[in-house]
Each structure stands twice: as structure tokens, then as C-alpha cells.
Amino acid sequence: MAHARELHKLGPANNDRLSAVRVALSVAVPGLVLILLGRPDLMMYAVFGALTGMYGRNETHQLRLKHQVQAALVLVGGLSIGTFLSVNHIHSWWLVLVATLFAGAGSLYADAVRLKPIGPFFGILALGACASVHTSVPFLTAVLIGTASAAFSILVGFAGWLRHRKWEPGAARDVPVLRGPLRQSAFVHAARYTLAVGAAGVCGVLSGSGHPHWAMAAAAVPLAGADLPSRVHRGIHRIVGTFLGLAVVAVVLFPSPLSPLQYFPGHAAIVLAIVVVLCQFPTELFMARHYGWAMVFFTPVVLLIAQLASPMDPGVLVMERAVETFVGAVIGIAVAVLVRAPVIAVPRAAGAGAADRK
């Protein structure tokens, strides 16, 4: 019942609108450029690069600059690996292996630099999505689009400095050194990501789904919680939010009077690209306050950019996404419950001082 009550509870507001505007702008400008160039099918690479804008939302400009550069390495790295797998037609079991290794390494990196949003989820999602589309886009073209989009996001995040002109010499992000208990905890957390993403990928491939990366990404979601209850909440939010988001996707893609595609039949790709841009604002608006509501809008973003890059039957798209998300989220919750960090005794003040001197 406690989990059920948490499903509709909004967290406190914290400058969410400004952050949402920055992210929406970061997605909209590269997206509109691709639309004007007649290549909305390339929006996937632009969107994943633009997600760099989600990081460092309430930091000062110089600290946000560093934070977003660190995040861009994960996003563009995942995009690059996924695109390499796609252009070389490397799928299924190799994708599971590569994504699993990336999840473990990405978890260690995310903990080391303290990324927020926490964990390597968006990098895992970028890797799997880019690897799973059947595309003829050259590798360098995709990577350059993602890199340019990430750079534009960083520019948008830093643009406020032109108004405030405030630079703090020596300012640094509060990033702990992974030593002792923190290092042990980071390796246990990386093991969780490796186990959850690997197991979800295996289930996805064995199920015959053409999109095992959806299960892998969903399995990573619960692990970003700070403790066990929050991990369970995130997993439930992922399932419920995705299912509601799939209803939005169905309205857009399925033939009906509610679908915008019915009114612009000759411009379906442009319509989908515009919907992607519009959905990014509420995604970031709710991301920190209610993960489930954020997923209602982020699910159309992810599915529609995949549909732009490699169209498939909408019914199959929605059904496979629903099944893979449920399976992946359940696996992620199970791993969070079963794999616990060892209890480490915290020394008293005197002992702590002696330990620090060592």
C-alpha cells in the first residue's frame, strides 16, 4: 500500500521549469535542423546527445559545465558503441555482452564522478537503441550528430553565465574519493548493474524480441535509487509510467481521428519529430519530482525516434515494449532486493581519526 500511495505523490519543486526549458531547447534546435535538412530519421542520435542537458540541473554554471562534459562521455560513448554494432550488423548475444560490460563500467564511472541523474541508464539506453536500428547511416555521421548535439546542450547549460558573469576560482563538484567502504559499495553496485542488465538481455533474446535492449534499459532503472525502497519505487514507476506512455504512442501511431498523422499524411516523419520535441519538456519537468510521470512522456520520445530511424509495425512496437519493460523492471527490482552491499561497521570518532591518518 505504501508503494501504491507513492505512485501519485509529487516531490517538491526545485527550479524544474528552467531545467526543462534548457533540455527542451537542447533537443528542439538539433531536431529542427534535421527536419529542415530533410533528415528527421537521424533524430535518434541528436536526442541522445541532447540528453546531456539533463545533468547538472541546479549547479552553478562552471560546475554544470564540468558535470555535463562528464555526462556527455557516457551518452556519446554509448551512442558510438551502439552505432558501431549496428553498422557492422552485430546483434543479439553480442549486444547483450557489450551492453552488460558497458553497464558495469558505466556504473563505476557514474559513481566516481557522481553523475546526476544517477547511474549509466541513459548511456545504456543510447547503446541499445542505436545498436538495434537497421540503418545505413555512416558511423562517423551518427557520432558527429550526437557529439554536436551534446556540445550544443553544454552551450545552452552554460549560456546563463553570460548574464551573471560569476566565476568562482577553485570551485569544484562535491565528488567523494572511492576508497575503503565507498569503493567496496561502488563495486557491489556495479555488480548489480552487470547482473541485472545481463539477465534482462538474456531474457530479451530468448523471448525472440527484436528489442532486448528495452529489457536491459528497464533493468537498470531501479538500481539508480539511493536505497532499497526507492529502488522498488523506481521499478514500479517505470512499469506504470511506460504503460501509460504506450497509450500516448498508440494514439499517435495507430490510425484514428486522434492521431496527428491522419491530418498530415504526407509529412509523417516531420509530425513524429515535432511530437518528440514537445514530449521532452514534460519529461524533464517531472524527472526529479515523479519518475512515473516522466516516463509517460519519455516513452514516446524513445519509441518515436526509433520509429523514425527504422519503422516497424506499431502494434508489434507497443507490445514488445510493454513486455520487455515489465520483464526488465522486475529483474532490476529482484537484483536490488537480492544483491545487498555488505554491512560495514563505521568506526567511532577516535578510531575514525586513526583510520584517516593511515
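The side chains of E284 and R57 meet in a salt bridge, with 2.7 Å from N to O; a salt bridge here is a side-chain nitrogen of Lys or Arg within 4 Å of a carboxyl oxygen of Asp or Glu. E284 belongs to helix α12 (residues 268-287) and R57 to the loop between α3 (43-50) and α4 (61-87), so the pair ties together parts that are 227 residues apart in sequence. Helices are DSSP runs of H or I with at least four residues, and strands are runs of E with at least two, numbered from the N terminus. Both E284 and R57 are buried, where buried means under 20% relative accessible area, exposed means over 50% and partly exposed lies in between (1.4 Å probe, protein chains only).

The model is predicted: local features need pLDDT of at least 70 and side-chain atom pairs count only at pLDDT 80 or more, while totals for chains, interfaces and linings use all residues. Residues are numbered from 1 along each chain as its sequence is written, and side-chain values use heavy atoms, with hydrogens and water left out.

By the rule above, the count comes to 2 salt bridges. D41 also forms one, with R39, the closest N and O atoms being 2.9 Å apart. D41 is partly exposed at a relative accessible area of 24%, and R39 counts as partly exposed at 36%.

Beyond its neighbours within four places in sequence, Y45 is in contact (heavy atoms within 4.5 Å) with L79, T83, C130, V133, T135, V137, A142, I145 and G146.

Helix α10 (residues 212-220) is largely enclosed by the rest of the structure, because 9 of its 9 residues are buried. Among them are P212, H213, W214 and M216. The buried residues of α10 pack against α5 (93-113), α6 (121-132), α9 (181-206), α11 (228-253), α13 (291-309) and α14 (314-338).

One of those partners, α11, contains T242. This threonine, T242, is buried, with a relative accessible area of 0%. Neighbours within four places in sequence aside, T242 is in contact with H237, M295, T299, R321 and T325.
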